[in-house]
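Subject: Structure handover: aromatic and charged contacts

Hello,

Please find the structure below. My notes on its side-chain contacts follow.

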Amino acid sequence: MVFPQVIAGFHALIDVIGLPGNVLVIVTIVSERRFHVMQYIPLASLAVSDLFCLILGNSIRIVSTAHEKWFFGQAMCHLHPSVIRYFYLNTVLHLLAVSYDRYNAIVKSPLAYDGTITKSRVACMALIWIAPIPFAFGAFLSWRLSFVYKPEVFFCEQRWPERDESVVSMIVFIAVLVGFVVPLIIIIFLNWSVFKTANTLQRATIQVGSLDDSESQAQEMSRRMGERKAAVNVCIIISAFVLCYFPSFTVRICSAFLKTSEVPAEAIQVTWCIFFTSSMWNPIIYSIRKRGFRTGVRNVMRRIGICRSSNDINDNMIRMNDLSHLTVGANLGIEACTTRTAAAAAAAAAAAAAAVAASSSAAPGTQQHDGVIFQRSCLSPIQELTE
């Protein structure tokens with residue numbers, strides 16, 4: 001069939017974009033000291049979660065969908081759905097942590113918030129990784145629940161014990177409500193409060209700045225605008241979260257309240273493919289939206305030799321220009337030697353001595369070749385403003 005191969009290709013594209021992107025996010029935040037603040041720690045932790053989700057979840061889907069067969073045995077058939085559930089809950093808790101951090105910095109306590117990494121905040125980050133374990137792997141450890149391979153979608157899913165269908169539907173409904181709807185409402189409330197406060201502060205700062213055009217007011221306005229842009233970034237991530245997870249939960253609800261055979265296998269495969277795209281949006285969004293983060297990414301890429309700075313490129317161009325002028329001068333000197341007389345050669349030597357004397361009195365930073373003075377360009381890079 002062609003359709004499974006297309007779905008496998010999309011899963012592979014997610015890995016191609018998401019794996020190096022998340023690694024670059026982690027390396028950038030770890031290596032750049034200015035990112036060692038609480039604002040970026042949840043983002044680095046989220047990138048780690050996305051990285052493992054792609055390796056342990058999406059990569060397995062690539063193989064099973066491409067070959068239209070499950071190759072990983074019964075134990076992995078039981079473990080794979082629990083792993084996906086764990087990283088989903090982990091992502092939800094990370095988004096809650098990011099939203100609350102912005103809410104705390106802008107709305108709740110903007111004067112007391114300093115963004116430093118404390119023991120309590122580190123404990124909260126550890127709790128984000130520990131809390132999903134019983135909810136994700138409880139079904140895997142339970143003897144009453146089992147996982148079966150579904151050949152129409154080429155992966156394993158949880159099979160509920162034989163009981164009343166209304167009870168199963170109610171369990172699925174509660175799971176969707178607690179795992180998706182309630183966190184979404186909390187995230188929307190926190191970020192809506194951040195938006196209202198940031199917009200109010202921005203208008204107030206602009207009004208005060210028009211009356212008192214001082215340097216402190218300009219700095220305060222720049223800081224508030226940076227906080228507003230950070231809130232916009234969080235909302236973009238949340239929008240991507242909703243667009244990625246909402247189709248999968250919709251199909252799950254339809255499967256619970258309707259007959260499973262009525263949900264097409266193609267729809268299930270497409271929604272799961274969209275589900276895994278959430279693991280690649282984090283590096284894409286922060287590489288595009290955050291100017292300071294783009295600068296950090298370029299610094300990391302320069303360290304590993306992928307790209308070079310503008311100063312290095314300019315110096316290389318100057319060296320190539322100098323080398324070309326020296327070569328042309330040497331060739332012209334060889335051709336002139338075949339036709340010049342001894343008197344002309346002496347005159348040329350005198351002219352060269354005069355040129356050397358003139359170059360010694362030239363302005364510093366200049367170069368002279370064949371009687372022409374070349375001015376070396378002096379770069380004065382402006383440090384990019386951080387958000």
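Predicted model: local features only at pLDDT ≥ 70, side-chain atom pairs only at ≥ 80, totals over all residues.

At 9% relative accessibility, Tyr 86 counts as buried, because the cut-off for buried is under 20%.

Aromatic contacts

The whole structure contains 15 aromatic pairs. One of them joins Phe 35 and Tyr 40 in a tilted arrangement, with 4.6 Å centre to centre and 45° between the planes. Both of these residues, Phe 35 and Tyr 40, are buried. Tyr 86 and Phe 87 also pair, edge-to-face, at 5.2 Å centre to centre and 75° between the planes.

One aromatic cluster includes Tyr 88, Phe 155, Phe 249 and Trp 272.

Salt bridges

There are 4 salt bridges in the structure. Arg 303 and Glu 32 form one, with the closest N and O atoms 3.2 Å apart. Arg 303 lies in helix α10 and Glu 32 in the loop between α1 and α2, so this pair ties together parts that are 271 residues apart in sequence. Arg 303 counts as exposed at 55% relative accessibility, whereas Glu 32 is buried at 8%.

Arg 102 and Asp 101 form another salt bridge, at 3.5 Å between the closest N and O atoms, and both residues are buried. Shared partners link Glu 32, Arg 34 and Arg 303 into one salt-bridge network.

Regards

Key. Residues numbered from 1 in each chain as written. Heavy atoms only, no water. Phe/Tyr/Trp six-rings, centres within 6.5 Å; stacked < 30°, edge-to-face > 60°. Buried < 20%, exposed > 50% of the residue type's maximum accessible area, 1.4 Å probe, protein only. Salt bridge = Lys/Arg side-chain N within 4 Å of Asp/Glu carboxyl O. Helix = DSSP H or I, 4+ residues; strand = E, 2+ residues; numbered from the N terminus.
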